[in-house]
Amino acid sequence: MAVAAPSVGPLWDVVEEHVDEAEFLFEQWQRALSSPDHTLDQLRLGWEARLLAHIEALIWNGSPAAQRLLVPALADADISTARAAVVALTRLSTPGHDGYAEVWAALVGAAGAARHGLIRALHIASDPAIDDGCRQALDGAGGREPLTALQVLAGRGTDPGGALQVCLKSDDAGILAAALTAARPAQDRRLLQPAIASALRSEVAAVRDAALDTSVVWGLSDAWRLCRELATTGHPEALLYLALGGSGDDRDHDLVVRSIGDPRARAACLWALGFSGRVSAVEDCLPLLGDADDATARLAGEAMAAITGLPWRSQDALLRSPSDPGPEAGDDADDADSDDSALDSGPESALPLFDVTAVARWWQENRARFDPAVRYLNGAPLSPASLRGALRSQSMRRRRGLVIGVAIVTRGRWLPAPARLTTDQQRLDNQLTHILG
């Protein structure tokens with residue numbers, strides 16, 4: 001977008017405040033993407049709206065702000081500052097300024113967390129030149145690193161194009177894993193499927209897992225065989241994929257349930273069961289609501305509530321106090337601008353703890369309306385309509401699992417963007433009416 005230069009010189013103390021605020025808000029927005037206390041709309045109207053307002057203020061100050069504050073920030077040890085600078089620079093278009101080129105120049109010398117931060121910011125940046133530049137990098141033009149290009153394209157959900165076939169033959173495990181992930185939105189799957197299937201047998205876990213993620217979405221039969229094998233080891237993604245029911249084999253649910261008995265896999269198992277929608281999963285979780293380990297009890301309660309629609313927000317009697325005093329679950333859930341301090345200790349710590357006796361009584365009173373042959377989502381039979389509604393009403397934490405389920409059901413005709421701006425996520429959600437009916 002073209003930006004008119006201010007009629008007077010920037011007020012640098014104000015501009016610096018915009019940088020500081022954007023840095024803080026980027027971090028809060030990033031955390032809220034997995035928050036149990038924010039829905040899509042709450043995030044859009046809260047952290048994200050404030051972040052973009054400060055980004056727009058930086059853009060309005062044009063090239064002077066870019067050269068004095070934003071470009072130097074790309075090399076800043078503070079990753080949050082660099083990420084905010086990337087988003088602003090790639091949205092800034094003024095004569096003699098190419099924010100995209102400046103970001104790539106910084107990426108050449110970046111490593112570790114700094115490199116990851118720059119790439120993460122490019123995932124949500126709006127400049128279409130980013131996609132074109134990444135494809136050129138894969139074609140060998142511009143001297144840019146193929147690994148970086150693949151990671152950026154994968155995060156943006158952009159088809160890498162014909163050069164992807166070459167990357168899928170790479171002997172470099174990092175490039176191969178990135179290529180397998182980036183392949184998900186590819187248009188010509190037929191040519192890529194042999195390489196994906198081969199990678200499922202890789203002894204390199206990162207390569208195998210990347211191939212699994214893509215092949216499950218594409219609906220390749222070999223993926224479900226691998227899922228069953230990995231589920232016996234407590235592999236988190238394999239458990240989730242099987243619980244979502246994408247294989248079409250009801251016996252796979254039993255593989256997930258068995259992991260409850262393995263302390264190392266219990267957390268992943270309970271997370272997966274919450275997406276199974278099954279009455280039997282509710283009864284598997286119910287005894288764990290009183291587990292001595294609060295983390296297990298919270299996850300079991302989350303899974304049960306996700307299936308049944310347990311009305312804990314309106315019925316305080318269903319809740320119990322945590323073993324260690326902390327913030328009340330659900331506080332500020334309707335305030336997207338609140339200081340969401342619970343996120344500092346991980347999203348799971350903000351989940352509620354349920355009173356076993358009260359919940360067991362509620363389940364006894366309501367169980368008759370749940371058919372064991374039907375899958376449920378928040379108390380309603382799973383359907384295209386209930387799924388579309390849940391994508392807006394469920395928390396961002398739950399949304400991340402739901403969108404994977406939709407991608408599997410649609411065989412990748414619809415691909416999620418759970419780490420993108422909410423405007424991008426909503427745009428994709430709107431496509432579901434045409435895909436799911």
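Author: Helices are DSSP runs of H or I with at least four residues, strands are runs of E with at least two, and both are numbered from the N terminus. Ser-215 belongs to helix H12 (residues 205-218).

Reader: What kind of model is this, and how are residues numbered?

Author: It is a predicted model, where local features need pLDDT of at least 70, side-chain atom pairs count only at pLDDT 80 or more, and totals for chains, interfaces and linings use all residues. Numbering runs from 1 along each chain as its sequence is written, and side-chain values use heavy atoms, with hydrogens and water left out.

Reader: Which residues is Ser-215 in contact with, leaving aside neighbours within four places in sequence?

Author: Contact means heavy atoms within 4.5 Å. With those neighbours set aside, Ser-215 touches Ile-196, Leu-200, Leu-220 and Ala-223. A polar atom of the Ser-215 side chain also lies 2.8 Å from the backbone oxygen of Ala-211.

Reader: Next, aromatic pairs. How many does a search of the whole structure find?

Author: A pair of aromatic rings is described by the distance of the centres and the angle of the planes. Rings of Phe, Tyr and Trp (its six-membered ring) pair if their centres lie within 6.5 Å; planes under 30 degrees apart are stacked, over 60 edge-to-face, the rest tilted. The search of the whole structure gives 7 such pairs. Take Phe-26 and Trp-29: their planes stand at 80 degrees and their centres are 5.7 Å apart, so this pair is edge-to-face.

Reader: Where do Phe-26 and Trp-29 sit in the helix?

Author: An α-helix has 3.6 residues a turn, so residues three or four places apart point the same way. Phe-26 and Trp-29 are 3 residues apart in helix H1 (residues 12-32), about one helical turn. Both Phe-26 and Trp-29 are buried. Trp-271 and Phe-275 form another edge-to-face pair, at 4.9 Å between centres and 75 degrees between planes. Trp-271 and Phe-275 are buried as well.

Reader: Which residues do ring pairs link into a cluster?

Author: The cluster holds Trp-362, Trp-363, Phe-370 and Tyr-376.

Reader: Which charged residue lies over the face of Phe-275?

Author: A charge sits over a ring if NZ of Lys or CZ of Arg is within 6 Å of the ring centre and within 35 degrees of the ring normal. For Phe-275 it is Arg-398, 4.0 Å from the ring centre. Arg-68 places its charged end over Trp-12, 4.2 Å from the centre of that ring.

Reader: Now salt bridges. How many does a search of the whole structure find?

Author: A salt bridge is a side-chain nitrogen of Lys or Arg within 4 Å of a carboxyl oxygen of Asp or Glu. The search of the whole structure returns 20. One of them joins Glu-27 and Arg-83, at 2.6 Å from N to O. Glu-27 is in H1 and Arg-83 in helix H4 (residues 79-91), so the bridge ties together parts 56 residues apart in sequence. Glu-27 is partly exposed at 25%, while Arg-83 is buried at 8%.

Reader: Which parts of the chain does the bridge of Asp-41 and Arg-392 link?

Author: Asp-41 is in helix H2 and Arg-392 in helix H20, 351 residues apart. The N to O distance is 2.8 Å. Asp-41 is partly exposed at 22%; so is Arg-392, at 35%.

Reader: Where do Arg-135 and Asp-132 lie?

Author: They lie in helix H7 (residues 129-138), 3 residues or about one helical turn apart.

Reader: What is the phi of Asn-378?

Author: Asn-378 has a positive phi of about 55 degrees, although it is not a glycine. Asn-378 lies in the loop between E1 and E2. At 40% relative accessibility, Asn-378 is partly exposed.

Key:
Buried means under 20% relative accessible area, exposed over 50%, partly exposed in between (1.4 Å probe, protein chains only). A polar contact is a pair of N or O atoms within 3.5 Å; within protein, one must be able to donate a hydrogen and the other to accept it, and residues adjacent in sequence count only if both atoms are side-chain atoms.
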